[in-house]
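This report considers the salt bridges of a predicted model.

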Amino acid sequence: MSSTTSTVKREGHAAHTQAAEGTLALPGKFDRPIKVTMLGAGSHFTHPLMNDILAIEGAEHGEIALVDIDAKRLAPMAKIITKLAEAYGKSNWTVTATTDRAEALPGSQYVINSIEVAGVDCVRFDNDIPLKYGIDQCIGDTIGPGGIMKALRTGPVWLDILRDVVRYCPEAIVLNYTNPMSMLCLAGARAVPALRDRTIGLCHSVQLTSKKLARDAGVPLNELEWRCAGINHLAWFTTLKHQGEDLYPRLRALVEGRTGDVYESDPVRYDMMLHFGAFITESSGHLSEYLPYYRKHPEALKVHCRDGYRGGSSFYADNWPTWRDNHDENRNAILRGEKPLTRQRTHEYAAWIIEAREKHSPVSVHGNVMNHDGTGRGELISNLPADACVEVACMIDRNGINPTRHGPLPAQMAGVCQSNMSVYDLAATAVVEKSKEAAIHAMLLDPLSAAVCTPSEIRKMAGELFDAEARFLPGFG
């Protein structure tokens with residue numbers, strides 16, 4: 001296994017901070033040096049997340065350990081993060097890179113996961129085999145045949161990572177960015193319970209959706225009052241107000257005729273809002289796959305879905321290989337000095353969690369955690385299953401991750417979540433037990449697959465997927 005180390009030597013500038021939903025400057029300095037290990041460091045997440053961490057004021061000493069099994073993608077990222085630390089004047093920060101996570105994990109207080117098992121090798125299988133059976137996917141990484149197969153490929157590696165965290169840095173907090181979020185977090189909590197309360201799944205859909213809703217309603221983001229809860233990519237803005245005014249009547253008036261720029265910006269999400277009463281956190285393209293309504297035949301697609309993230313057919317499969325190449329070229333352009341190295345601190349939660357905990361300056365983030373809070377007082381979302389992963393507001397302070405209790409969702413919203421959670425439950429079982437049959441049962445319950453196919457067709461499709469991806473599914477039987 002290869003390993004490299006770079007130590008920052010040069011003084012530079014300190015960046016300002018900007019929080020996920022507005023401006024926030026957390027006071028104070030870190031009491032200790034910290035170590036952050038980034039798994040899947042070839043990922044496009046690495047540059048912005050490490051930029052955010054190095055931009056933290058008062059984080060004077062630390063180490064960033066980059067890990068990726070692809071040495072060709074790891075090497076340029078190590079150079080970028082080393083230069084980034086120099087640019088921020090973090091002379092007491094060390095950047096290391098290795099293809100062996102066992103070298104990197106010891107001493108880590110934070111482990112960030114953004115791995116992509118199989119790279120781009122399975123994106124066409126995940127999309128094209130279901131399409132033969134009439135299952136038209138836009139993204140295919142969270143639910144449906146594509147999401148389930150991604151969980152089966154990724155989940156066993158994820159569980160090995162969690163077991164290594166217990167072995168090498170058992171007090172670390174694990175921040176997961178890899179999809180399918182709910183399936184992976186649920187499987188991890190069941191298989192590696194020692195990390196259940198120190199693992200949180202992080203997404204940016206809550207941050208981006210709050211900004212979108214403020215923009216569409218024509219109100220300042222920092223004056224928006226909202227509550228949001230549910231499951232990843234399917235959480236509901238159950239409260240949405242501005243200066244005491246309920247904003248939903250305003251939004252309904254804007255999209256009631258299902259025409260105009262606001263409606264066209266997110267047709268599936270706005271259609272769901274009109275029927276179910278609240279806006280949901282993920283794009284129309286993602287959301288259309290989680291439901292039985294919008295992709296079950298060509299006419300429904302034509303009426304409700306648009307191009308790209310608004311619901312385009314095969315959007316992810318057609319574009320992900322090119323996007324990946326573009327990310328690699330972008331890194332080379334940064335190293336050549338043709339693109340900027342530093343950037344404004346992002347809305348991603350990872351650095352805010354680290355800063356809040358190390359400075360004991362509490363902040364609230366929306367994270368994916370187990371629904372039962374461990375206190376015996378019941379579920380965080382009381383009308384969703386206890387042994388499940390939910391997305392709720394979590395307070396972060398010196399004590400780590402402190403999920404908050406939301407109470408019940410409106411029944412119709414909880415029902416939509418439960419239709420997905422049954423799939424996640426069986427998919428997590430399939431990951432933990434390496435069970436093909438549990439995976440097939442998950443596909444049988446998938447809302448879109450069930451809207452299109454008979455059980456026999458789904459089982460036949462699953463067999464084709466397992467055959468096509470067999471080399472990435474060792475041990476499944």
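The side chains of E355 and R345 form a salt bridge, with an N to O distance of 2.9 Å. This pair joins distant parts of the chain: E355 belongs to helix α14, whereas R345 lies in the loop between α13 (315-335) and α14, the two being 10 residues apart. E355 and R345 are both buried.

Helix α14 (residues 350-359) also contains E358, whose partner R32 is placed in the loop between β1 (3-7) and β2 (34-39). E358 counts as buried because its relative accessibility is 2%, under the 20% limit. R32, at 36% relative accessibility, counts as partly exposed.

A further salt bridge connects R250 with E245, the closest N and O atoms being 2.9 Å apart. R250 is partly exposed, with a relative accessibility of 29%. E245 is likewise partly exposed, its relative accessible area being 34%.

| Salt bridge | N to O distance |
|---|---|
| R250 and E245 | 2.9 Å |
| E355 and R345 | 2.9 Å |

Salt bridges also occur as a network, in which K212, D216, D266 and R269 are linked. For the structure as a whole, the number of salt bridges is 32. In general, side chains of opposite charge can pair when their charged atoms come close.

Definitions and conventions:
Residues numbered from 1 in each chain as written. Predicted model: local features only at pLDDT ≥ 70, side-chain atom pairs only at ≥ 80, totals over all residues. Heavy atoms only, no water. Salt bridge = Lys/Arg side-chain N within 4 Å of Asp/Glu carboxyl O. Helix = DSSP H or I, 4+ residues; strand = E, 2+ residues; numbered from the N terminus. Buried < 20%, exposed > 50% of the residue type's maximum accessible area, 1.4 Å probe, protein only.
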